[in-house]
Structures are given as C-alpha cells and as structure tokens.
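Subject: Structure handover

Hello,

The structure we discussed is below, with the sequence. My notes on what was found in it follow.

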Amino acid sequence: MGNLIWHEYARYVSITASLYTVWAGFFALIYRKFFWDFVSGIVRNPGGLQPAPQDSIFITIIVKAPILPIFSMLLGSTLVALDYPAPFLKGTSIQRSIVLRPVLLILQAFLAILFYQGTNGAIWSLVATVCYGRALALGESMKEAKDNKGRSGGA
Amino acid sequence: MGESWFHREFLSARRLSFNFLFYGTHLFLFAYGWYSQATNTKLAALNGLKFSVWTSRGAGLVLAFDGFLILVPMLRNIIRVVRPKLTWLFPADENIWFHRQVAYSMAFWAMIHTTAHYVNFINVERTQVRPELALDIHYTQAGGITGHFMLLIMLLMYTTAHHKIRNQCFEAFWYTHHLAFFFMIGLYSHATGCFVRDSANPDYITMFPFYSTEHCLGYESWRFTIWPGIIYFGERVYREIRARRATRLSKLLVHPSGAMELRIVKPSFKYTAGQWLFIQVPDVSRLQWHPFTITSAPEDPYVSVHIRQVGDFTRALGERVGAGPSVVAALTQAAMKGGEKDEKMVDGGSRGDFVELDPASSSRPLPVVRIDGPYGAPAEDVFNVEIAVLIGAGIGVTPFASILKHIWYRQRSGNLGSLRRVEFFWVCRDAPSFGWFQSLLQEVEAAQADPNFLRINIYLTQKIGEDMLWNIAVNDAGAEYDPLTLLRTRTMFGRPDWKNIYANMATAITSGQYIPGASSQLKTTVGTYFCGPSVLAKAIKEATVEATSSSINFTFAKEHF
C-alpha cells in the first residue's frame with residue numbers, strides 16, 4: 001500500500017550521495033590514496049601501503065595529480081544542480097529526464113569507488129541508481145511545473 | 001515568510017534558551033571530548049595523529065549524547081504520563097520536532113566524525129602507529145563496520161522521513177524507520193573494536209563487554225546511551241501487550257457525509273478528551289497502526305473514532321466492512337437530497353441519518369480491531385483556564401468533538417473546574433463534508449442551558465456562487481436554524497479576522513462584560529487550542545500575542561498530527 005513516487009524519493013538519495021561524493025572528493029585532494037592499492041601492494045613501516053606497479057595509471061590520476069577526484073567533484077556538483085535543481089536548469093528537458101540520472105550516477109559510483117574516501121558515496125549513488133531504475137521501470141515521468149501557481153501562505 | 005530566520009531563532013526567549021542549551025551542550029561536549037583526548041598521556045601514540053583524532057573524539061562524544069537523546073522524545077507513554085506536570089518546562093507536544101532537531105544535529109556531527117576518522121585511518125596506515133591498514137580499520141573492525149552501516153541506515157531513514165515522502169507513502173517511512181533497531185545496535189557496539197587504546201593491538205577479553213577497560217579507553221558511552229533504547233524497546237513491548245487486551249468493535253455507523261464511526265469497546269482503555277490513538281485492523285494490514293483522534297468523551301461507554309475514506313488504508317477498511325465508496329456515495333447523495341427537502345429542515349432534523357451497518361446482513365462479521373493509546377494532546381488542559389477558545393480548521397475539528405462532548409458531560413455534573421466560557425470556532429472550506437460533526441454540534445447546542453457558556457462560530461471560507469448566495473439568503477431569512485449547518489448559530493462567510501476577534505475579546509473581558517466578576521480577578525487566562533494547518537496557527541498565535549495584556553493572558557497550543 002502507499003503510493004511512493006520513486007523518482008521523487010530517488011532525488012533525495014541522489015542529492016545526499018552526490019553531496020557526500022563532492023565532500024569526499026575534496027578530502028581526496030588533501031589525503032590522496034588509491035582505494036584498491038591493497039591488491040598486491042606491500043606495506044612499509046613507516047610509509048604505509050606501497051601500491052603494485054601495475055596500478056601506476058591510477059596512482060597518476062589519483063595520487064600524483066588528483067584528476068579523478070576533481071572529476072568526481074564536478075560530476076557530483078552537476079548531479080546536485082540537476083536534482084536540486086539549480087534555477088537555470090529548472091524545467092528544462094535535461095532536468096526532467098529520468099534516464100540521464102542513473103547514467104550519471106553509475107559514472108559517479110565508478111569514479112568514487114576508485115579513491116579512498118569515495119566508497120560510501122559510490123554505494124549511495126548505486127542506491128540512488130536503483131531508485132531511479134525503479135522509477136523508470138514503473139514508467140514515471142516528471143511533470144512540467146505549473147507556472148500559474150498562486151502565492152501560498154497567509155491566513 | 002514574514003519573520004526572518006534570525007527573528008525566529010534568537011528573538012523569542014523560549015527558542016533562544018533552547019538553542020543556547022541544546023547547541024551549547026553540543027559544543028561543550030565537543031570541546032570536552034577534544035580536550036580529554038588531547039591531554040590524555042596514555043593515548044600519546046594516538047595523539048600523534050593530531051587534529052583529526054581530537055576532532056573525531058570530540059564529535060564521537062557529541063554523537064553519543066545525540067544517540068541518547070534521539071529516542072527520548074519517542075518514549076510516548078512516558079511523555080504522556082509526565083507531560084501534565086512538566087508543560088511549564090518544555091513543550092512535550094513538540095516531541096517530534098525535538099526528535100528532528102536531534103537528528104539534524106546527529107547528521108552534522110556524523111559528518112565531522114566520519115571525515116575525521118577517514119583522516120585518522122589513512123594516517124594510521126602511513127605512520128604505522130599500529131600495524132594495520134586503513135582498509136582493515138574501515139571494513140574488518142567493529143568500529144568501522146558499524147560506522148559505515150549506521151551511515152547507510154541514516155541515508156535510508158533520513159530520506160524516507162522527508163515530509164513529502166511521508167505524505168506520499170507513509171509505509172515507506174514507517175517501515176524504513178524501524179531500521180533504527182539496527183542503527184541502535186550499531187551505536188551500542190560501535191566502540192567494541194577498542195579503537196581508542198594505549199596498546200598497539202586491541203585488548204580483547206572473554207568476558208562481557210569483551211574488551212578490557214584497562215587498555216580500551218573509550219568513553220564507554222554505551223552504558224548511558226543504551227537506557228533510552230531499552231526503555232523504548234520495553235515501551236514497544238508494552239504497547240503490543242496493551243493492544244492485545246480484549247477489544248471489540250461493537251458498532252459501525254456510516255454517516256451521510258461518508259465518515260465511518262467505529263465504536264469500540266475496550267474496558268482497559270482509559271483516556272481523556274482530546275487525545276488520540278493508534279488503530280490496527282489485522283484484516284486490512286497486520287503491521288500498520290494508524291493514528292486517529294478519539295471522538296467520544298471519556299464518559300461514553302465506548303471509544304469512537306470517525307474515519308473518512310480518503311487514503312489507502314481507510315478505503316480498504318471501508319471495503320472490508322462493506323461500506324465501500326459506492327455505498328458511501330449513495331448514502332451521501334440520499335442525505336444531500338434529504339437536506340434540501342423543506343420538510344426535513346422544518347423537522348429541525350439533520351441531513352439524513354446515519355446508517356448502522358448490521359453485521360448479520362453481510363456475509364462477513366465485523367473485523368477485529370486493536371487500539372493502542374491514548375496519546376497526549378494539549379487540549380487536555382481546557383479545564384485549567386477561565387476561557388477556552390477552541391479553533392478547529394477543516395478536518396482538524398475532530399479532537400474538539402471529544403472535548404465538546406466532555407465539556408457537556410462535565411457541565412451536566414457541575415464540575416467545570418475554572419472554566420467559565422467556551423468559544424468554539426470552526427473554520428472550514430465546505431460545510432457539507434462534515435455532516436457527522438454537525439449532528440454532534442446540534443446535540444451540544446441543544447443541550448445548552450446557559451446561552452452564554454458555549455458560543456459556536458462557524459466560518460465557511462469557500463467561494464460562494466451566485467446561486468448558492470441567493471439560496472442561502474432565501475432560506476436564512478427568518479428561519480430558526482441556519483440553512484447550511486442546521487444550527488441556531490449563523491454561519492459566517494469568509495476568513496475570520498483573528499486580530500479583531502481577540503482584540504474584541506480582550507476589551508470585553510477587561511470591561512467585565514464577558515464574564516461577570518472577572519475584572520476583580522487578578523489575571524484571566526484565555527487558552528486557545530488550535531488544530532489545523534500551520535499557516536493558520538501562525539496567524540492565530542500572532543493575534544494571541546498581540547492581545548495579551550497585564551490583566552489577560554492569552555495562551556496558545558497547537559495539536560500535531
């Protein structure tokens with residue numbers, strides 16, 4: 001029972017996941033670490049985990065130059081702008097597209113899972129993806145906002 | 001709208017003191033947690049991590065405090081018992097509001113705590129102050145596992161608790177919020193991994209709590225935070241037991257307006273006027289409890305609730321008892337026709353009578369119902385004030401059914417407390433939809449011996465077409481009863497001007513016209529009890545504040561759903 005409108009619910013999950021990812025991406029600029037470096041990496045004392053040589057591509061884009069976290073932050077900001085929505089996007093066909101969001105969210109999950117701080121952001125993005133997927137499966141659509149809404153408030 | 005954020009949070013004494021105490025305590029605990037970690041010589045190795053560990057420990061202490069507080073406002077039965085004694089101290093009816101404030105604070109400090117720990121663990125790995133990886137702490141130790149798990153639960157609980165989702169699909173909120181059970185387990189076991197220790201490896205022991213307090217130097221906060229959890233759990237068990245006590249649905253009446261009245265007999269159920277209960281119909285749903293206002297007075301031999309078929313649950317219930325939408329629609333039409341007939345009006349009757357559903361005529365007997373409650377509402381305090389102003393807007397009029405009935409019973413037995421007069425306002429968009437309430441008002445109005453005791457004011461706010469206008473004008477002139485409500489009281493049209501109403505009342509009271517002898521009293525208290533939308537509540541509250549003077553104290557209380 002109950003009639004949950006899935007894309008309206010997914011919106012809250014997506015905003016939360018994207019904000020988390022932006023915050024995680026910011027900290028990934030300061031404390032740079034490749035999440036999967038434990039795979040055949042060696043531990044040095046002190047110094048911590050030394051990633052295996054085959055990870056060098058990830059080390060380049062996450063540790064040496066944090067390109068990936070920056071991308072992740074940009075993508076996260078885009079998703080927040082899309083879902084909040086930002087004033088300039090409100091009512092546009094992009095903003096009302098449910099298909100676009102799971103695509104971006106999966107990409108976000110993929111980027112976030114690669115750096116140390118991003119795991120929760122990635123998992124939450126996948127939760128949001130599932131919710132949007134459910135909305136798609138049910139054939140939900142976002143209605144165009146009515147412009148002729150009267151001013152509310154006051155009694 | 002209207003007042004600014006600053007105005008609301010800082011310029012009213014009550015809110016200011018709340019903000020000061022609530023956030024002050026939080027900041028103090030954060031500072032204390034920070035200080036106690038930074039100055040603890042036993043934890044010198046951990047303090048090598050510097051700011052991040054001080055921050056995480058400070059925020060951890062705040063979160064323990066919030067984990068304690070979050071369940072306190074949900075102890076409904078305890079609140080119901082203590083609230084009459086403590087209304088002066090804190091607004092016990094704002095428990096959900098308080099629950100939300102704690103939750104917001106918890107989300108904020110969880111962010112601080114988690115962020116700090118991400119920094120801690122990466123530094124533990126780099127410096128190898130302990131021989132472990134960041135990944136180990138995150139995903140193999142109790143603290144990390146429960147922490148991530150609690151964050152995920154928080155994501156689900158917070159998002160489904162959004163008011164939009166709650167209105168859309170209450171079940172999604174209701175079921176998801178029971179993840180709180182696992183959240184609390186996570187909270188109580190969060191420190192069992194012994195992260196805060198003065199040894200390189202955790203010092204586990206075989207006895208409860210499975211780590212030695214000699215080397216594990218956490219706050220041991222679970223010793224405190226677990227109590228609201230245990231009490232809450234006990235309360236849920238108690239509610240379940242109480243709900244299983246003998247309950248019988250004795251009668252089911254369908255009113256012409258479409259409202260179903262359930263008359264339930266449960267001898268063990270004691271309540272006061274204006275309270276509400278949870279009802280469960282296992283035939284419709286075994287798990288769901290739905291809140292309804294009690295519409296009978298405590299003096300009645302039964303407990304009644306009026307249910308309109310507006311949502312999933314109420315419609316399913318209607319179908320179950322054989323009062324589906326079609327039946328109700330037919331009844332309503334018949335009733336409206338009846339109301340239009342002149343002879344019916346002359347009878348001084350009502351808009352058609354209610355119909356009792358006879359279980360013998362249908363194939364299925366009346367369903368089993370279970371009720372849980374009662375739970376508090378501010379309107380219990382009506383008898384402590386001299387003048388009670390009861391304002392119901394729309395469906396918010398329901399608690400006043402019970403209160404008016406109760407006042408009527410008390411009036412008959414001459415036991416009114418300090419109550420001298422009652423002003424009842426009913427602001428409603430379309431009167432015909434509340435037919436059942438009219439019949440109740442009629443009874444109460446007809447029973448009034450003292451014309452000055454109860455005054456009924458009905459405001460109809462819908463737009464009125466020309467036809468209806470003339471219809472009213474023709475029927476109203478010279479008739480004994482109001483054509484719309486069939487009460488002696490005339491219906492007023494348009495929105496009430498609250499400031500004017502309260503100003504007039506204040507003048508009448510000070511000049512002694514309102515209650516004889518009232519001017520000799522030191523102070524008159526006029527209690528306003530409101531149930532309805534919050535915009536209206538704000539307008540009325542402003543009016544009460546404006547009208548308060550040295551000799552008259554206007555108080556305001558709002559009911560929540």
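In chain B, residues 24 or more positions apart account for 69% of the contacts with a separation of 6 or more. Two residues are in contact if their C-beta atoms, placed from the backbone, lie within 7 Å. This is a predicted model, in which local features need pLDDT of at least 70 and side-chain atom pairs count only at pLDDT 80 or more, while totals for chains, interfaces and linings use all residues. Residues are numbered from 1 along each chain as its sequence is written, and chains are lettered from A and ligands numbered from 1 in the order in which they are written.

Chain B overall

Chain B has 561 residues, of which 37% count as buried. A residue is buried if 20 or more other C-beta atoms lie within 10 Å of its own, exposed if 12 or fewer, and partly exposed in between, with C-beta atoms placed from the backbone. The chain contains 20 helices and 13 strands. These are DSSP runs numbered from the N terminus: helices are H or I with at least four residues, strands are E with at least two.

Where the chains meet

The contact takes 28 residues from chain A and 32 residues from chain B. On the chain A side, the elements that give two or more residues are α1 (6-30), β2 (48-50) and α5 (119-137). The most comes from α1(A), with six residues. By class, this side of chain A has 16 nonpolar, ten polar and two charged residues. For these classes, Ala, Val, Leu, Ile, Met, Phe, Trp, Tyr, Cys and Pro count as nonpolar, Asp, Glu, Lys and Arg as charged, and the others, Gly among them, as polar.

Val43(A) lies in strand β1 (residues 42-44) of chain A. Leaving aside neighbours within four places in sequence, Val43(A) is in contact with Gly48(A), Leu49(A) and Leu133(B). Val43(A) counts as partly exposed because it has 14 C-beta neighbours inside 10 Å. Between the C-alpha atoms of Val43(A) and Ile70(A), 27 residues apart along the chain, the separation is 27 Å.

Nonpolar cores

A nonpolar core is a set of buried Ala, Val, Leu, Ile, Met, Phe, Trp, Tyr and Cys residues joined through C-beta atoms within 7 Å. The largest has 66 residues, and those touching the most other members are Ala10(A), Val13(A), Ala128(A), Cys131(A) and Val62(B). Apart from it lies another core, of 46 residues, including Ala273(B), Ala393(B), Ile407(B) and Tyr502(B). Beyond its neighbours within four places in sequence, Ala10(A) is in contact with Ala128(A), Cys131(A), Tyr132(A) and Ala135(A).

Helix pairs in chain A

Two packed helices are described by the angle between their axes and the distance between the axes. Axes are lines fitted to C-alpha atoms, for helices over the stretch in contact, and angles run from 0 to 180 degrees between N-to-C directions.

The axes of α1(A) and α5(A) come within 8 Å and cross at roughly 160 degrees.

For α3(A) and α4(A), the packing angle is about 150 degrees and the axes are 10 Å apart. This pair is therefore also roughly antiparallel, and the crossing of α3(A) and α4(A) is left-handed. Their contact comprises ten nonpolar, four polar and one charged residue.

Backbone points to check by eye

- The peptide bond from Tyr84(A) to Pro85(A) is cis, with omega near -10 degrees. Pro85(A) sits in the loop between α3 (67-83) and α4 (100-112) of chain A.
- Ser40(A) is not a glycine but has a positive phi of about 50 degrees. Ser40(A) lies in the loop between α1 and β1 of chain A and counts as exposed, with 11 C-beta neighbours inside 10 Å.
- Glu220(B), also not a glycine, has a positive phi of about 55 degrees. Glu220(B) is in the loop between α11 (180-188) and α12 (222-243) of chain B and is exposed, with 12 other C-beta atoms within 10 Å.

Regards

How values were computed:
Parallel < 35°, antiparallel > 145°, perpendicular 65-115°, else oblique. Left-handed = near helix turned anticlockwise from the far one by under 90°.
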